[in-house]
Each structure stands twice: as structure tokens, then as C-alpha cells.
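Here are my notes on the model, as numbered points. They cover backbone details, helix packing and the ligand site.

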Amino acid sequence: MNEKVRIRRDVESMSAYTPTTSLDVFAERLGMDVHDLIKLDANENPFGPSPRVKAALANLQHMNVYPDPESGRLRELLGEYIGVPKEQILCGAGADELIEIIMQLFIEPGDVVINTPPTFAMYGFDAPLYHGRVVDVYRREDFSLDADAIEAAVRQHDAKLLFLCSPNNPSGDMIEAGDIDRLLELPVTVVVDEAYIEFAEGESLVARVGDEANLIVLRTMSKWAGLAGLRVGYGVFPSELMPQLWKIKQPYNVNLAADIAAQVSLQDVDFLMTRVETLVKERIRMETAFAELPMLAPYPSQSNFVLNRVIGMSAEEFRERLAGAGIIVRYYNKPRLEDHIRISAGTPHQVDRLLELLTQLTTS
Ligand SMILES: *Cc1c(COP(=O)(O)O)cnc(C)c1O
């Protein structure tokens, strides 16, 4: 790089992050039509948003004016939806932005963030960008949390933040009640990411935010409401933190289209929940069918996806075979997950096609 241009050396030496690819890119790579692809690699909602969202966005007014920096109406509706005062809710451009805002609020150079891989990548990705130091406390063989090891790491490193994902992406399991009670006792702020809670049987922890001074819960409209492309998520915070958060949040972080789409979705919850129920049924159908296949060993899930160990071939080869038939699933080239793939719940028709293909692969 030019000597007058001095970017951060740690960024220069970082390796690039590869997020999920868009449908168009997959289609081009596979030489297939976009409409023939079945994208089950990113836990998106295959039904798309509420039809009311499309209508509202087609009539979107005032695009020349900045959006409400407080997302006031949206926070009111979110408050009603989760049963928490709007004063404790902060919206962002996806839950991803809230992870960043939390790092900005808590982390001074060298402060420790505890991560519990295998889990959602963004906690470990964002922490170093905000000068935090990530300490990984790996999950047990069955992907449950190792609360003893977490406690030891929090105390040893005087950690500032502990990120937990429940249901966990990619394993699909929820934090056990005993574990969360115990971890909230520790001298650390616990961030629980509930991106998939609408698909779970277990209870959300939002009701406990406020009673517990050190609990933050993150939620999103991306998965259950089918708004991943518009970027809108939110956090539920102890009241004491709210004035501090308002100081650092970018004023217009939630754009007008996202704000309106989220509001309209929250006025159509019953309809969206019928789709969530369908996706849960499809996930259960997948789990049952996968368990009967010699090549897959599924883990029990409370989300809209199923993690599987692949048996008898490499996970990468498995992914390539499905891709050849237009079905895209998630493969991990990471510790503890090398021989695993994650498959998102599709529409009933998509799952039919997936199961047909898997049966063919088994018998051929
Ligand atoms: C998809 C996902 C998110 C991202 O949410 P956005 O609101 O789309 O940024 C956050 N956490 C987990 C665990 C996810 O899987």
C-alpha cells in the first residue's frame, strides 16, 4: 500500500470474510435458472415477507426525507409484540448492527469477549474490529455449553461480554435454564442472541431483561418475518444502558423501507406465524427423514434449520452433490464442524425435492 495511506495493520493482515452468496451468483455459478434453485444455506424465510409488506413498499412515501432516528412507532409495535416497554428497545440495521453497537459500548482495547463456538460467526468477527480480544470456550461434543469452562474463562480474563446464541446457530439447541441462571450470576454482561426464538418451543429471555442488570437480548425480523434483505433487528436492554446506547447509535441506522416493512409485519403477526408453524413442521419432517438416512446424523433442533454430521463421504462432497441438483446447503470448513452441514427448512415443496434427491443419493 502507498506509504501515505496507512490503514490498520491488523486489518491488512486479516483474511477476508465470505458471507452467503446471493441467488443470482449461485445461479450463474451452477449454470441454472434462479427459479430452479432451492436456497437452504442461510436460514432465510423461503415464503418471503408478508404480502402487506410488498404493498406498503410499493406505496412508500417520503423517501427524500430521513427516517425517524428513534424508530418510535416501530419500537412501540415491537414492545407490544414482545411485552417489553419500548424504552428498553433499540433498533438496528439487523441484529448484526446491534452486535457492533454493543462492542462499541463495552470494549476498550484488549478487553475480553467470551465466545462459545461452534456458534454464529459475527461475535468473533466483530470483537477484534473494536479492539476486543476473543476467548473461545468450545462447546461440548453434543454442542451444549460448558458452563464450568465459561465461568473459569470469565473470571480468569475479567471478561466484559459473554455472547450466547439460543437457539444456537448452527447446532439448533437452546441454552438450558440452569446454565443461564448460573451464567447471569457472573461478573459479566451476557448477550443472548435469539434470532430463531420464534421457531423454538423454549421461552424467550426478554421478560427477564431489566430484572437482571447484566442481560441483553437480541432479536431480528430477518428470519421469522422474512425481512433478511431489508436489515432490521433489535435489542432489549436494561434501562440503565439505554441513554448510553442512544449516545453512540448512528442516527439513521434503520432505513425508511426497513422501518415500514417491520411495522407492517408486526401488524400481520398471526399470518406470519402460520408460516413459522409450517417451517417448524418442515424442520421436524427433515429431522425425521435425515435420521433414517445412512449418510446423515441430525442433531435435535429448536429452530428453522438442522445441523447434520455427514457419514461415508466428506461434507464438502455432499454439498457439491446437492448443489449439482440446484439445492444449496451450508458447509463449514471450521474446527468441530468439518464433517457437518446445516440445512434450512424450506417450503413443503422444496423439502419434498430435497428428500427425493437424498433418497436417490442413498440408493445410487
Ligand atoms: C441470521 C442471524 C442473525 C442476523 O440477524 P440480522 O438481523 O439479519 O442481522 C443474528 N444472529 C444469528 C444467530 C443469526 O443466525
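1. Phe143 is found in the loop between strand S4 (133–136) and helix H7. Although Phe143 is not a glycine, its phi is positive, at about 75 degrees. Helices (H or I, at least four residues) and strands (E, at least two) are DSSP runs, numbered from the N terminus.

2. On provenance: this is a predicted model, in which local features need pLDDT of at least 70, side-chain atom pairs count only at pLDDT 80 or more, and totals for chains, interfaces and linings use all residues. Residues are numbered from 1 along each chain as its sequence is written, and side-chain values use heavy atoms, with hydrogens and water left out.

3. Two cis peptide bonds deserve a look. One runs from Pro117 to Pro118, with omega near -5 degrees; Pro118 sits in the loop between strand S3 (112–115) and helix H6 (122–129). Another runs from Asn169 to Pro170, with omega near 20 degrees, and Pro170 belongs to the loop between strand S5 (161–165) and H8.

4. H7 (residues 147–157) packs with H8 (residues 177–184) at an angle of about 10 degrees, their axes being 11 Å apart. Axes are lines fitted to C-alpha atoms, for helices over the stretch in contact, and angles run from 0 to 180 degrees between N-to-C directions. H7 and H8 are therefore roughly parallel (angles under 35 degrees; over 145 is roughly antiparallel, 65 to 115 roughly perpendicular, the rest oblique). On the H7 side, Ala147, Asp148, Ile150 and Glu151 make the contact (heavy atoms within 4.5 Å), and on the H8 side Asp179, Arg182 and Leu183 do. By class, this contact has three nonpolar, no polar and four charged residues. Ala, Val, Leu, Ile, Met, Phe, Trp, Tyr, Cys and Pro count as nonpolar, Asp, Glu, Lys and Arg as charged, and the others, Gly among them, as polar.

5. H11 (residues 269–292) and H13 (residues 348–363) also pack at about 10 degrees, with axes 10 Å apart. That makes H11 roughly parallel to H13. Thr278, Glu282, Arg285, Met286, Ala289 and Phe290 of H11 meet Pro348, Val351, Asp352, Leu354, Leu355 and Leu358 of H13. The classes here are eight nonpolar, one polar and three charged residues.

6. A polar side-chain atom of Asp193 lies 2.6 Å from a ligand nitrogen atom. Ligand oxygen atoms lie 2.5 Å from a polar side-chain atom of Thr220 and 2.6 Å from one of Ser222. The protein covers 94% of the 380 Å² of accessible area (Shrake-Rupley method, 1.4 Å probe) that the ligand has on its own.

Key: Polar contact = N/O pair within 3.5 Å; in protein donor to acceptor, adjacent residues only side chain to side chain.
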